[in-house]
Amino acid sequence: MGKNSIGSTITYFFLGEYFSDALRTTITVVLPIILFFYLGNPDAAKGIGVGALLISLTDLPDNRLNKLKTALWSISVFFLTTLVVSSVLDRVYLSATVVVLAAFSFSMFAVYGQKLALIGTMALIVCTFIMGLQPARPLYFSTCILIGGVWYYVISLIQILIRPYRSLHHAIFECLMSSAEFLHIKAKNYDVNVPLDLQQKEAIKLHIKVNQKHELIRNLLLTDKYAMNPNNAKGQLLLERARLLIDLYEQLNAVHYDYGLVRKTLDGGQSLQLIATLIELLAKELEQLGRHVRSAKAYKGEVATNMAYHQNRVLLLQELERLNETQRLIVLKVMANMNDIVRIIEMIRGNERMPQKHLQELSDTIAYPLFITGDRFSVKEHLTLKSPIFRFSLRLAICFLFGFLLIWQLEPSKYSYWLFLTLVIVARPKFSITWKRNLQRLKGSLGGVAIGLVLVYLVKSPVVLLSFSVIFLLGFYAFNRLNYTISVLFITPAVILTLGSYQGHFDHIVHDRIMFTLMGCVIAIFATYLFPIWDGLQLKAKIVNASQASRNYLQVAIQNRAERDENQSRMARKNANLSLSALSEAIESARQEPMQKHIDFNGLYGVQSTIYQINAIITSIYLSLNHKAEQTDLLLVGQIVADLTGGPDGGNAKEIKVLPMAETELYNEHSTPQKLAHIAALSAGFNEAVTRSVLCG
């Protein structure tokens, strides 16, 4: 990364959503603390400050209505939790029972989706803070927590009323930047010095990242009734941008070339270098577009007038004259793909929209609620050990119970609640995530302790130390959604400096911070073996889901465009992408698990790569303007389905001979039969590869 790229990244970080939200949240939290300490009411300062501090962590990017619902849920749950737990603190066994039950109950909130899961987690953290603060007046303290929560969300809701599409603009910005990163990876496919298997792995990682951005955009936009109103011009513009972003990514990924063959065929000329240069220029244009897309105004980009892009395109056209027929077909296909990308970029940057008549037809056809990830489920369905949510909830409750038994054996400490706080933060349903969180928290905590000790040694003024703690709080919020290790690195000295300045005994605070953090991490790791959730044992199911989604996508793609059901085809495309992302995440998670040595990960990466390539070729058929259903060899499609299903005919690829494609046919834009033959060649032996890869001892 060059100096300009680093400078731009830093600039856009400080001007972007993460830092501005962090600044607003820090001011919102610190202001009432300063005010009430100044007025001589430290109890109110602590209660309102803690309320605002903790409830702010439930405030994820969302639209107005959903954010209001989150505010009402968070404020209500926080108040009731504080009131109940603080009222039983003087009865040790009763308070332990209440908190253990809270650990189970709040973890079960995950049944209702990500938002309520986060509220449940933060409510459990409220429990741990109450155990540490030991409020003498439960109702008064609960009221202060309530005021702090209301105060924070009033500020947050005012901001979203003033700028309702801010989070959506930022999500579109991040999606464009991820797409640009994907293009950079694509460019390296034409560099003979870069191994192709490495490029394939990087492309799949970015596939996961881009699809996560798409899913965020869908949930921000499609759940916003105001934005989806046909009379809302800004909302319709954002809806059109979202469509174009998905179309853009499909164009980036639409044609899976045999890059080894491309390199071999075009070797010796300038074509490979010119193609790579053009793709890099398109990636840079996407980055520039991303930095301006947060504005509703049209952006005069550079693709159409960029001299470097124009000159290299002319050179590539001139190079065509020196190529043979096979080489020319390859280059023309790549150029056609780049032209489609340029067209979509120009539509996004110019705020171009489809004709109103076509938009109305599309709006009448597409059932947008179908594309929103559901958040509502039945609790009864999860009251069984087969449910990962129930298993984790039970495990966390047992961890809390063990934590209480352990603390009662130790010398009493006012900071013992850090053990429970660590458990809430690092304990996760999956071993891999718990292990990762443990390492992140330990690294961040130890680094933060070192920073805190250095400042305590160098600075003696409590006012200066408290000022540093505010700066560290700002850093915590700025990196909380970006990098957990760095966020812990900031919050640890903030806690040490604040508590030390207020209560003294820095050495005691540091000792307990390290000791109880380590204890919490150790308990969390060992507890993962209690009602475990192993991704390694779910790989076969994930592969089945991914191959099933690919089969459904293929069945949609081979239909005539006019005969496709718009909802069915778009949903099939979405499910194919998301199921592959889920498989990829499961593979990476399984690599961290104890049983990893029994899994053939090279084989799994081969299976993952095969599904990725198949989906890319299916997308090529899906988007092809020249595809006709009568071009489809139904016998070949049946063989592909059988190979990907593992049914009675699965794996019998020899029964149907798949002829290798001639090089001139491979890049023929009209060659649906050749594309199907390519898929058949990839899917042959698919199930044998799966069986070899996922067998565990």
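Reader: How many helices and how many strands are there in the chain?
Author: The model is a predicted one, and 53% of the 697 residues in its chain are buried. Among contacts between residues at least 6 apart in sequence, 81% join residues at least 24 apart. As for secondary structure, the chain has zero strands, and its helices number 28.

Reader: Over which residues does the pLDDT fall below 50, and what average does the chain have?
Author: Over residues 354-364 the pLDDT is below 50, although the model still gives this stretch 11 contacts beyond near neighbours in sequence. Residues 647-670 also stay under 50, and for them the model has 46 contacts beyond four places in sequence. Where pLDDT is low, the predicted coordinates should not be read in detail. For the chain, 84% of the residues score at least 70, and the average pLDDT is 81.

Reader: Which residues touch the most other members of the largest nonpolar core?
Author: The largest nonpolar core holds 98 residues, and apart from this core lies another of 82 residues, among them Leu 116, Phe 404, Ile 491 and Met 519. Within the largest core, the residues that touch the most other members are Tyr 190, Leu 221, Leu 676 and Ile 679.

Reader: Which residues does Leu 676 touch, not counting residues up to four places away in sequence?
Author: Leu 676 is one of the residues that touch the most other members of the largest nonpolar core. Once residues up to four places away in sequence are set aside, the residues touched by Leu 676 are Leu 554, Ile 558, Ile 621, Thr 632, Asp 633, Leu 636, Val 637 and Ile 640.

Reader: Which helices each supply at least two residues of the nonpolar surface patch?
Author: The patch covers about 530 Å² and is made by Val 92, Tyr 93, Leu 401, Leu 405 and Trp 408. One of these residues, Leu 401, lies in helix α16 and has a relative accessible area of 44%, so Leu 401 is partly exposed. The helices that each supply at least two residues of the patch are α5 (92-107) and α16 (388-407).

Reader: Is Lys 186 buried or exposed?
Author: Lys 186 belongs to helix α8, which spans residues 166-188, and its C-alpha atom is separated by 9.7 Å from that of Glu 202, 16 residues apart along the chain. Its relative accessibility is 11%, and because the cut-off for burial is under 20%, Lys 186 counts as buried.

Reader: How far apart are the closest N and O atoms in the salt bridge that Arg 166 forms with Asp 21?
Author: Arg 166 and Asp 21 are both buried, and they belong to a network of salt bridges that also includes Arg 24, Asp 59, Lys 67 and Arg 481. In the salt bridge between Arg 166 and Asp 21, the distance between the closest N and O atoms is 2.8 Å.
Author: The closest N and O atoms of Lys 213 and Glu 174 are 3.1 Å apart, and both residues are buried. Lys 213 lies in helix α9 (residues 196-222) and Glu 174 in helix α8, so the parts that the pair ties together are separated in sequence by 39 residues.

Reader: Why are Glu 215 and Arg 218 separated by about one helical turn?
Author: The side chains of Glu 215 and Arg 218 meet in a salt bridge of 2.8 Å, N to O, and both residues are buried. They are separated by about one helical turn because, in helix α9, they are three residues apart.

Reader: What distance separates the C-alpha atoms of Leu 244 and Ile 344?
Author: Leu 244 is found in helix α10 (residues 233-253), and its relative accessibility of 5% means that it counts as buried. Although Leu 244 and Ile 344 are 100 residues apart along the chain, their C-alpha atoms are separated by 6.6 Å.

Reader: What is the phi of Gln 134?
Author: Gln 134 lies in the loop between α6 (114-133) and α7 (138-162), and it is partly exposed, with a relative accessible area of 47%. Gln 134 is not a glycine, yet its phi is positive, at about 50°.

Key: Residues numbered from 1 in each chain as written. Predicted model: local features only at pLDDT ≥ 70, side-chain atom pairs only at ≥ 80, totals over all residues. Heavy atoms only, no water. Core = buried A, V, L, I, M, F, W, Y, C linked by side-chain atoms within 4.5 Å. Buried < 20%, exposed > 50% of the residue type's maximum accessible area, 1.4 Å probe, protein only. Contact = heavy atoms within 4.5 Å. Patch = residues over 30% accessible without salt bridge, like charges linked within 9 Å, V, L, I, M, F, W, Y side chains within 5 Å. Areas by Shrake-Rupley, 256 points an atom, 1.4 Å probe, with all protein chains shown as cover. Salt bridge = Lys/Arg side-chain N within 4 Å of Asp/Glu carboxyl O. Helix = DSSP H or I, 4+ residues; strand = E, 2+ residues; numbered from the N terminus. pLDDT = per-residue confidence, 0-100.
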